[in-house]
Amino acid sequence: MDSKRDKEQDADVEKITAVLLKSRTGEFDLESILFLKLRGLGIHDLGCIGECVNLERLDLSGNNVSNIAPLASLRLLSVLNLSANRISNIEPLRSCECLQNLNLAGNIISSVENLHCLQSLKKLENIRFKDNTYNYSNPVCRNSSFRNVILEMFPNIKVLDGERVVGRGSDLYQLCKDIDETIKAGLYKNGQLVEHTDCKPWVEDSYWEIKRSNNAIIDEAYKQFDDVLHECRLLNNRATHVISQTERSMSLKKQPKQYAI
């Protein structure tokens, strides 16, 4: 009942209060909160969140936040997720000197000039302005040279928009990306998929077939495996039958009773 009541209260949250923070974390003192997740609560006012001065990880994604001024006092913050909000000014983040991972995808940042405030954050390694998985972006990302500009502005960045740009694995990532682009370019011509009738399989048709051995032990292992597989299929069929019967009986119970007069 308590968890249900908490969910009902969270659905109507508009401003972060001390009561909300304490109920979400179980901490009596706001300064004791180190990790905080306030995703998708409809928040538009950050309220007293600035009092959580020892906060290290904060998730405010999926809200209606536009003013992030209270975050300026969170100097120990290392991971911050502000995706899917209504933020255009990120100047307060200048004070978050420990920030390493920042997600700003799905906001309304419109100019590269708005990002200069992040250049003083020497520990910033992972930054995201767009997320293709959720179709999040920012107006500033429409600039064709945006990626190159960002890499020049932030030479210490290791991951940009989910893509590793330097460090271990970056060369392999770029190689795979180049291969994918080359394959896609070869598959299409004038916007139409090109069929290559002369393509042949890399291996023979029988390559993937399991070859039987003359070894009696291996043959016995195959037989035992087949028996177990057959038993699993029988159990699966039996379970499916029981589930269908249960669902049918439950649906009958839910039907309103009819009385003859």
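Tyr134 is exposed, with a relative accessibility of 55%, whereas Tyr136 is partly exposed at 28%. In this predicted model, Tyr134 and Tyr136 form a stacked aromatic pair, with 5.6 Å from centre to centre and 25 degrees between the planes.

**Aromatic pairs**

- A search of the whole structure gives two aromatic pairs, and in the one formed by Phe129 and Phe146 the ring centres are 5.4 Å apart with the planes at 85 degrees, so this pair is edge-to-face.
- Phe129 belongs to the loop between strand S5 (126-128) and H3, while Phe146 is in helix H3, so the pair ties together parts of the chain that are 17 residues apart in sequence.
- Phe129 counts as buried at 0% relative accessibility, and Phe146 is also buried, with a relative accessible area of 5%.
- A pair of aromatic rings is described by two quantities, the distance of the centres and the angle of the planes.

**Helix H3**

- Which residues of H3 are buried? They are Phe146, Ile150 and Met153, and seen down the axis of H3 these buried residues fall within an arc of 65 degrees, so they line one face of the helix.
- An α-helix has 3.6 residues a turn, so residues three or four places apart point the same way.
- Strand S6 (159-160) is included in what covers the buried residues of H3.

**The sheet**

- Seven strands make up an open sheet of mixed pairing, in the order S1-S2-S3-S4-S5-S6-S7, and its edge strands, each pairing on one side only, are strand S1 (35-37) and strand S7 (163-164).
- S1 pairs with strand S2 (residues 57-59) in the parallel sense, over three bridges, and Leu36 has Leu58 as its bridge partner in S2.

**The nonpolar core**

- The largest nonpolar core holds 48 residues, of which Leu58, Leu71, Ile90, Leu93 and Leu118 touch the most other members; the elements that give two or more residues to this core are helix H2 (18-25) and helix H3 (146-153), and the largest share, three residues, comes from H3.
- Leu93, one of the residues that touch the most other core members, is in contact with Ile68, Leu71, Leu80, Leu82, Leu102, Leu118 and Leu121, when residues up to four places away in sequence are not counted.
- In soluble globular proteins, nonpolar side chains tend to be buried together.

**A buried serine in a loop**

- Ser83 is located in the loop between strand S3 (79-81) and strand S4 (101-103), and at 6% relative accessibility Ser83 counts as buried.
- Leaving out residues up to four places away in sequence, Ser83 touches Leu60, Ser61, Gly62, Asn103, Leu104, Ala105, Asn107 and Tyr136; the C-alpha atoms of Ser83 and Asn103 are separated by 5.7 Å, although these residues are 20 residues apart along the chain.

**Cysteines**

- How many disulfides are there? The count comes to zero, and for Cys98 the closest cysteine sulfur, in Cys96, is 9.0 Å away, which is too far for a bond, given that a disulfide requires sulfur atoms within 2.5 Å.
- Cys98 is buried, with a relative accessible area of 18%, and Cys141 likewise counts as buried, at 13% relative accessibility, because both values are under the 20% cut-off.

Conventions
Residues are numbered from 1 along each chain as its sequence is written. This is a predicted model: local features need pLDDT of at least 70, side-chain atom pairs count only at pLDDT 80 or more; totals for chains, interfaces and linings use all residues. Side-chain values use heavy atoms; hydrogens and water are left out. A nonpolar core is a set of buried Ala, Val, Leu, Ile, Met, Phe, Trp, Tyr and Cys residues joined through side-chain atoms within 4.5 Å. Buried means under 20% relative accessible area, exposed over 50%, partly exposed in between (1.4 Å probe, protein chains only). Helices (H or I, at least four residues) and strands (E, at least two) are DSSP runs, numbered from the N terminus. Contact means heavy atoms within 4.5 Å. The arc is that of the directions from the helix axis to the C-beta atoms. Two strands pair if DSSP finds at least two bridges between them. Rings of Phe, Tyr and Trp (its six-membered ring) pair if their centres lie within 6.5 Å; planes under 30 degrees apart count as stacked, over 60 as edge-to-face and the rest as tilted.
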